[in-house]
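Hello,

Here is the structure I promised to pass on. Please open it and keep it beside you while you read my notes below.

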Amino acid sequence: MAFENVVYPAFIKKEEEIFGIHFPTLLPDYGWEDYLVSGPSKKEAIQNAKKALAYLLAGALYDNEDLPNQAPIPTNLVTEEMELVFIKTSYSNYAREIEEHLPGRHWHISFNRDWGSDFQAVAYKNTQGFWDVKVDGDLPIELEQEKLLQLCPTYPVICTVRRRVEAEEAFDSFILRVKALYKQL
């Protein structure tokens, strides 16, 4: 896992007493409104952004994903209070810190469809580099352990996957099968 001298577009925006660094094309769900990192000066904010970007990209690779697209920020969306910048980072600059941090990385997966209950799963990377997805706690419904094992012989581990999207799909499918079984009782 490595990347060197990658560049992602961002913008700096002064927000009260700090300078926030936003990555709107890298983090489209919240990058326009919320900054990824900040600092008391532009220089410190940019330094913090280099490290945060390295962590974010390393996390993507650790999760078996490709590096995110380096899409430009549309200039027609840049306002006067924004300063367009390009953040350059490298894995090697933060490798030791990242490698200490990543082994504890895990995913929380939710199923919140209109069933009146939140179902949760958690995934941890196994020694083969895949993700074991396990029901987080007990299911909030009463089903016999025997029926759950018929539904999923490896329960509480639901599946082993390579990518998060696969984990989300498998967990949704499992919960829908649980729901169908529960309705039969």
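**What I found**

Val7, Leu84 and Phe86 make up a nonpolar patch on the surface. Together they have about 260 Å² of accessible area. Bear in mind that this is a predicted model.

Start with Phe86. It sits in strand β4, residues 82–89.

Now the largest pocket. Its volume is about 440 Å³. The lining has 20 residues, and the closest to the pocket centre are Leu27, Leu56, Ala60, Asp63 and Arg105. Which helix gives the most to this lining? That is α1, with 4 residues. At least two residues each come from α1 (42–62), β5 (106–111) and α4 (164–184). By class, the lining of the largest pocket holds 11 nonpolar, 3 polar and 6 charged residues.

Next, some backbone details. Tyr155 and Pro156 are joined by a cis peptide bond, with omega at about 15°. Look for Pro156 in the loop between α3 (145–151) and β8 (157–161).

Asn5 has a positive phi, near 55°, and is not a glycine. Find Asn5 in the segment before β1 (6–15).

Asn64 also has a positive phi. Its value is near 70°. Asn64 lies in the loop between α1 and β4. Is Asn64 buried or exposed? The relative accessible area of Asn64 is 11%. Buried means under 20%, so Asn64 is buried.

Best wishes

Definitions and conventions
Residues numbered from 1 in each chain as written. Predicted model: local features only at pLDDT ≥ 70, side-chain atom pairs only at ≥ 80, totals over all residues. Heavy atoms only, no water. Patch = residues over 30% accessible without salt bridge, like charges linked within 9 Å, V, L, I, M, F, W, Y side chains within 5 Å. Areas by Shrake-Rupley, 256 points an atom, 1.4 Å probe, with all protein chains shown as cover. Salt bridge = Lys/Arg side-chain N within 4 Å of Asp/Glu carboxyl O. 1 Å grid on protein atoms, 1.4 Å probe; cavity = no way out; pocket = protein on both sides within 12 Å on 5 of 7 lines; lining within 4 Å. Points joined across faces, edges and corners; volume = space filled by probe spheres on them. Nonpolar A, V, L, I, M, F, W, Y, C, P; charged D, E, K, R; others polar. Buried < 20%, exposed > 50% of the residue type's maximum accessible area, 1.4 Å probe, protein only.
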